[in-house]
Amino acid sequence: MFRKGVSSALLLLSLFLFPRSVDGCTTIIVTRGASADGSVMVSHSDDNDLMDQRIIYVPARKHAPGSVREVFCTAAAMGEFPQFNSFSYPRVVTSERGPGYDTAGPKSIPLGTIPQVRETYAYFDGSYGIMNEHQLMFGECTNGSKVTPEPEPGKRIMYSAELSRIALERCRTAREAIRLMGELIERYGLYGTGETLPVADSEEAWVFEMAPSPEGTGGLWAAKKVPDGEIFVGANQFRIRELDPDDPDIMFSGNLHSVAEKHGWWKPSDGKLDWLKTVSLGEYNHPYYSLRRVWRVFSLAAPSKDFSPWVKDGFTKDYPFSVKPDRKLGVRDLMRLHRDHYEGTEFDLTKGTAAGPFGYPDRYYGPYDGAGDVGDPKRKLGGAWERPLSVTYCGYVFVNQARGWLPDPIGGRMWLGLDKPADTLFLPFHVGVTGLPRSVEVCDTTKFSRESAWWTFNFLANYAGLKYSYMHREIESLQEQLETGFLNTLDAVERIALYLHSTDPSSARAYLTEFAEKNTAGALEKWKELTEHLIVKYNDGLLTEGGKIGQPLGYPKEWLRTTSWPEGPTSYERPKGK
């Protein structure tokens, strides 16, 4: 028999493993009453190292009665599972989800199947489901949980990636999606890590959180509605706390209390069950890995609340589930939040020795850094970096918009940024398109490709690190020019699409698809031009412009004083002590 309480989880290491990576994600919800244009917005940065960075269009399909839907394993949960042909790349190989996933390589081996529905909806897909043709949309972040079992056919076949995809295939509203995902977890079992899935439609937004069960079958889940007029942020830690069974804006699995009580995670005398405390060991990875980002988003969106960046511990209640922003947020506000490195704060990653002479904000993780749950008592931390919203290992980021006053094909928009948020461009795609540009759907991170949009952005993002304070200014300038231009252009594009939709919806979809193709191609061309310009302008660390070649720039004096430069050879005399 296992001992009750947290110790029972630690005894299950042969079956229930702690997450092996330092990856993580940030996800934000802006409700309709908190957005500048009345849209509901969900954003997500998929901070996945060098996994499968393709964004795939999965078309709508009709299915024969009695057919089944295969459920595949995912490497996004706990690493690769070769026995199921589940790899970091490609994430899925099958003919059942359209041409984007019908690629070369060993076919994905399903963990199991579920009954198929008669008709499935079209959607955008990445490591997790993104948005479907009816404006249902998801975000995601991984969380630490007390148990993290591996997949097992017949017992545990569901993970948040497939859950979000099934919901996008079958549901039109957030409430429908929550009920469906809850039923799937309870019937087919949940494996992997703890997970947060923001799920929203054009009217309301919910936070759906899940954790594997210590029973080894089924799973635990909770959901809470974000009050209209407020915003939510999740950053690799469960954010739902006390569960009030009488609150109509809260839902949870029927077995939650009985399983928690059986395993010593909660007892009735504790009062209302605290979801975070019940299913997790604390904050993910290291102290402030999660909470610093929660503080940063809330402090930027609602500075009047004067939230402190310092808390007692990982179970703090200093940061509420959601807050009302001081002013309503637009789509570019969310882009700026995801591009943040704590600039202007005591945690500013563009400052200090580690930023180097040119204010480079990215930090590289090594084997000496922590991973998994901070609650693991065996962990010893020699140090840690501040964890910002924009990280160099981000694979892609998006901001989704659902706008209920427009027909679904036009109202739903995905703003997609490939590679890290700070140095990429957000490209707009309407959910009514009949496909995504090939440049977005192709990417193998082990092979450089000039036809891949991801590699176009990744190359410049890496190159800019050589002289970041100089090159990032020029990247920001092009971001501002193009993203503002997209917003202005979309006004006219959507007026035409609305007119076409009123007479022939298929022609509106064709028009939006053609716009996406041309707009993406034009933007990529401008990004390549900027890359070539910066390669020449800052070649060999010098400055070449205005007809003047190789002008010396050197280093900032304040940084030079932190190096051996002041003690360098300025005379022929031997320095004292040498």
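In the predicted model, Ala 453, Thr 456, Phe 457, Phe 459, Leu 460 and Tyr 463 of helix α11 meet Leu 524, Trp 527, Lys 528, Leu 530, Thr 531, Leu 534 and Ile 535 of α13, contact being defined as heavy atoms within 4.5 Å. By class, this contact of α11 with α13 comprises 10 nonpolar, two polar and one charged residues, where Ala, Val, Leu, Ile, Met, Phe, Trp, Tyr, Cys and Pro count as nonpolar, Asp, Glu, Lys and Arg as charged, and the others, Gly among them, as polar. The axes of α11 (residues 453-463) and α13 come within 10 Å and cross at roughly 25°; axes are lines fitted to C-alpha atoms, for helices over the stretch in contact, with angles running from 0 to 180 degrees between N-to-C directions. The two helices α11 and α13 are therefore roughly parallel to each other, a term for angles under 35 degrees.

Residues are numbered from 1 along each chain as its sequence is written. Because the model is predicted, local features need pLDDT of at least 70 and side-chain atom pairs count only at pLDDT 80 or more, whereas totals for chains, interfaces and linings use all residues, and side-chain values use heavy atoms, with hydrogens and water left out.

Six strands form an open sheet in the order β15-β1-β2-β17-β18-β19, with antiparallel pairing; helices (H or I, at least four residues) and strands (E, at least two) are DSSP runs, numbered from the N terminus, and two strands pair if DSSP finds at least two bridges between them. At the edges stand β15 (231-234) and β19 (426-430), each with a single partner strand, so one side of each is left without a neighbour in the sheet. The twist averages 15° from one strand to the next. Helix α12 (residues 468-503) packs on the sheet and touches β18 (413-418) and β19, its direction making about 15° with that of β19. Strand β1 (residues 24-30) pairs with β15 in the antiparallel sense over four bridges, and Ile 28 stands opposite Val 233 in β15.

Backbone geometry was also examined in the loops. Asn 236, in the loop between β15 and β16 (250-252), has a positive phi, near 70°, and at 0% relative accessibility it counts as buried (under 20% relative accessible area, with a 1.4 Å probe and protein chains only; exposed means over 50%). Asp 540, in the loop between α13 (505-537) and β20 (542-545), likewise has a positive phi, near 60°, but counts as exposed at 69% relative accessibility.

Terms used
Angles under 35 degrees count as roughly parallel, over 145 as roughly antiparallel, 65 to 115 as roughly perpendicular and the rest as oblique.
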